[in-house]
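Subject: Structure handover

Hi,

Here is the structure for your files. My notes follow directly below it.

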Amino acid sequence: MRVALYARVSTEDQELRNQTTALNEMAHYRGYRVYETYTDKDSGANGNRPGWKQLIKDAEKRRFERVLVVSISRVMRSVIELRATIDN
C-alpha cells in the first residue's frame, strides 16, 4: 500500500525530524511504501499550507491510499476543521 507522510510544526524553530522519523518507522513496520513526505512549518489553523495543499492535490489524483500522521493535531486543530477541509 502506498502512503503519504505528513508532518507539521508551528514555528521555524521547531524540528520536523522527530515526526518524520517516527512516520517512516511506522510505514516500514507496517510494510507500506512511502509515496511522499509532505511537511509544513505553519499554524494548524492555516488550511492553506503548501505541503498540505500538495498532499490534497496528490490525494485527489489517487497517488496514495492513506496518510500517516503522528497526531491529528499535526493536520488541523480539530477533527471538525479537518472534515471541513476535506469536504471542500
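The side chains of E65 and R2 form a salt bridge, with N to O at 2.9 Å. A salt bridge here is a side-chain nitrogen of Lys or Arg within 4 Å of a carboxyl oxygen of Asp or Glu. E65 sits in the loop between α2 (50-60) and β3, and R2 sits in strand β1 (residues 2-9), so the pair ties together parts that are 63 residues apart in sequence. E65 is partly exposed, at 45% relative accessible area. R2 is also partly exposed, at 28%. The classes are: buried under 20% relative accessible area, exposed over 50%, partly exposed in between (1.4 Å probe, protein chains only).

Before the rest, the ground rules. This is a predicted model, in which local features need pLDDT of at least 70 and side-chain atom pairs count only at pLDDT 80 or more, while totals for chains, interfaces and linings use all residues. Residues are numbered from 1 along each chain as its sequence is written, and side-chain values use heavy atoms, with hydrogens and water left out.

How many salt bridges does the structure hold? Four.

- R63 with D58, the closest N and O atoms being 2.9 Å apart. R63 is partly exposed at 31%. D58 counts as buried, at 4% relative accessibility.
- R17 with E15, where the closest N and O atoms are 3.8 Å apart. R17 is exposed, with a relative accessible area of 56%. E15 is partly exposed, at 48%.

Now the chain as a whole. It has three helices and three strands. Along the sequence they run β-α-β-α-β-α. Both kinds of element are DSSP runs, numbered from the N terminus: helices are H or I with at least four residues, strands are E with at least two. Of the 88 residues in the chain, 31% are buried. The accessible surface is about 5800 Å², and carbon and sulfur atoms account for 46% of that surface. Those areas come from the Shrake-Rupley method with a 1.4 Å probe; for residues, only the protein chains shown count as cover. Take the contacts between residues at least 6 apart in sequence: 69% join residues at least 24 apart. Contact means heavy atoms within 4.5 Å.

Next, D40. It is in strand β2 (residues 33-41). Is D40 buried or exposed? It counts as buried, because its relative accessibility is 5%. Its side chain makes a polar contact with the side chain of Y6, at 2.6 Å. The D40 side chain also reaches the backbone nitrogen of G51 at 2.7 Å. A polar contact is a pair of N or O atoms within 3.5 Å; within protein, one must be able to donate a hydrogen and the other to accept it, and residues adjacent in sequence count only if both atoms are side-chain atoms. Leaving out residues up to four places away in sequence, D40 touches Y6, A7, R8, V9, L16, R49, P50, G51 and W52.

Last, S73. It lies in the loop between β3 (66-68) and α3 (79-87). S73 is partly exposed, with a relative accessible area of 30%. Its side chain makes a polar contact with the side chain of S71, at 3.0 Å. C-alpha to C-alpha, S73 and A45 are 10.0 Å apart in space, and they are 28 residues apart in sequence.

Best regards
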